Amino acid sequence: MSADPGFALYLHWPFCKSKCPYCDFNSHVREQIDEARWRSALISELDRAAATLRGRRVASVFFGGGTPSLMAPVTVGALLDRAAGHWAFAPEAEITLEANPTSVEAARFADFRAAGVNRVSLGVQALDDAALRFLGRHHDVAQARAAVGVAARHFARYSFDLIYARPGQTPLSWRDELAAALAMAGDHLSVYQLTIEPGTAFFTAHARGDFALPDDEGQAALYETTQELLEGAGLTAYEISNHARRGGECRHNLVYWRYGDYLGIGPGAHGRLTLDGQKHALRNRRAPETWLAAIEGGAAACEEDLVLAPDERRAELLMMGLRLAEGVSRARFCAETGRDIEASLEPARLAQLIEGAFLVLDEKGLRATAAGRQRLNAVLAALLD
Ligand SMILES: C[S@@+](CC[C@H](N)C(=O)[O-])C[C@H]1O[C@@H](n2cnc3c(N)ncnc32)[C@H](O)[C@@H]1O
Ligand code: SF4
């Protein structure tokens, strides 16, 4: 891995057809969206940001959400054209769009491709109709399969998301679902363990006892099944929840995990930008209408711009980098913190985590073992607190 993780651009489309009961992303349901107005506001924010970020080379663009596949392809094309007017793009730049696997959205894939998108990431979530209903999704397994088929025809690179550790799920049924997923997978799969996020409909329902999740042992068995099947099919876990064939890794997320610079555009978008040697943590106004009013009133979309202290910067670098199987290279650690790993981290804490087989430190750098990645929060707390 080179010391420079590249520069990425994230664009947030905050709207969805309906709110899924598990989701705490910045996503909202609105009766009417004036898309032309949103398009010009996103372009304004891009223009404003570009003025302070000259000379960057874009390694990746990611349209995330919400549901960006509800955007008109002309909006996606206009944003990409504008970005290309501001910055040079790497020849192999990855341009991803998140899509929901409904037939309406799949019908737009050809136009997204023509607009410049070269990778899609589909929210399949489950390959079981009852589970899809439980998750509040609007597609069924047949629609998901069809959408993945359309994606495969239009995009050389595509991925889809699955959510596991659902109520009542057993390793046996999960095995069948994963086998079905593998039969239609490309070079990348994201497999997330269901988490109950505060403020979601699931949080209330779960607290009320409407459903129970698998216990720790059950979750561990489902995790093991995931690793065994995907690894066996050549889709290695290069990150806690992300699996890819060699070269199929999501370049955009690699920029985040390698703690590179990224610009976030749109409501609630975050950014990390190195300016004059200092790392800035930026956060945009979250509510869509507040963000829009700020942009249209000529104000900044950003409501927080913090310069990270050296300790915070080191903590973020480790928090992101140890999610990756490759870990944090010596070159990256030194470039970001100005110190060597051994000089920066407390020797006794480091030794204890290495002894416990949660971390490995060698000539390449510092990385978490599979066991360490499974309990990364505890490992980070033991290393840094
Ligand atoms: C921004 S979201 C969804 C993108 C797109 N709107 C969709 O739903 O297909 C990205 C992914 O995060 C995962 N996710 C969101 N909330 C989750 C939760 N509470 N537990 C596990 N995975 C979650 C889902 O797999 C989802 O596809
Ligand atoms: S999971 Fe996707 S479609 Fe569902 S509310 Fe969240 S962002 Fe929207």
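## Terms and basis

Helices (H or I, at least four residues) and strands (E, at least two) are DSSP runs, numbered from the N terminus. This is a predicted model, in which local features need pLDDT of at least 70 and side-chain atom pairs count only at pLDDT 80 or more, while totals for chains, interfaces and linings use all residues. Residues are numbered from 1 along each chain as its sequence is written, chains are lettered from A and ligands numbered from 1 in the order in which they are written, and side-chain values use heavy atoms, with hydrogens and water left out.

## Two helices

The expected span of a helix is 1.5 Å times one less than its number of residues.

Helix 2 comprises the 14 residues 73-86; it should span 20 Å, in agreement with the 20 Å between its end C-alpha atoms. Pro73, Thr75, Val76, Gly77, Leu79, Leu80 and Ala83 are buried in helix 2. Among the elements that cover them are strand 1 (7-13), helix 1 (35-50), strand 2 (57-65), strand 3 (88-99) and helix 4 (109-115).

## Nonpolar cores

A nonpolar core is a set of buried Ala, Val, Leu, Ile, Met, Phe, Trp, Tyr and Cys residues joined through side-chain atoms within 4.5 Å. The largest one has 80 residues, of which Phe63, Trp87, Leu122 and Phe160 touch the most other members. Helix 1 makes the greatest contribution to this core, with seven residues. A second, separate core has 19 residues, including Tyr259, Ala281, Ile341 and Val379.

Residues up to four places away in sequence aside, Leucine 122 touches Ala99, Pro101, Phe109, Ala147, Val148, Ala151, Ser159, Phe160 and Asp161.

## The second largest pocket

Pockets are found on a 1 Å grid over the protein atoms alone: a cavity is a set of points where a 1.4 Å probe fits but cannot get out, a pocket is an open set with protein on both sides within 12 Å along at least five of seven lines, and lining residues have an atom within 4 Å of a point. The second largest pocket has a volume of about 350 Å³, where grid points are joined across faces, edges and corners and the volume is the space filled by probe spheres set on the points.

The lining consists of 20 residues, and Glu45, Ala49, Leu263, Leu282 and Cys302 lie nearest the centre. Two or more lining residues come from each of helix 1, strand 9 (261-265), strand 10 (270-275), strand 11 (278-284) and strand 12 (302-307). Strand 10 gives the most, with four residues.

## Backbone geometry

Most residues other than glycine have a negative phi, and most peptide bonds are trans. A cis peptide bond joins glycine 65 and glycine 66, with omega about 25°; glycine 66 belongs to the loop between strand 2 and helix 2.

Two residues other than glycine have a positive phi: glutamine 125, near 70°, and aspartate 276, about 50°. Glutamine 125 is part of strand 4 (residues 119-125) and counts as buried because its relative accessibility is 8%. Aspartate 276 is in the loop between strand 10 and strand 11 and counts as exposed, at 82% relative accessibility.

## Selected residues

Leucine 222, in helix 9 (residues 216-232), is buried with a relative accessible area of 0%.

Arginine 285 lies in the loop between strand 11 and helix 11 (288-296) and is partly exposed, at 23% relative accessibility. Glutamate 336, in helix 13 (residues 330-337), is buried at 8% relative accessibility. Apart from neighbours within four places in sequence, glutamate 336 is in contact with Tyr259, Lys279, Arg313 and Leu317.

Definitions and conventions: Buried < 20%, exposed > 50% of the residue type's maximum accessible area, 1.4 Å probe, protein only. Contact = heavy atoms within 4.5 Å.
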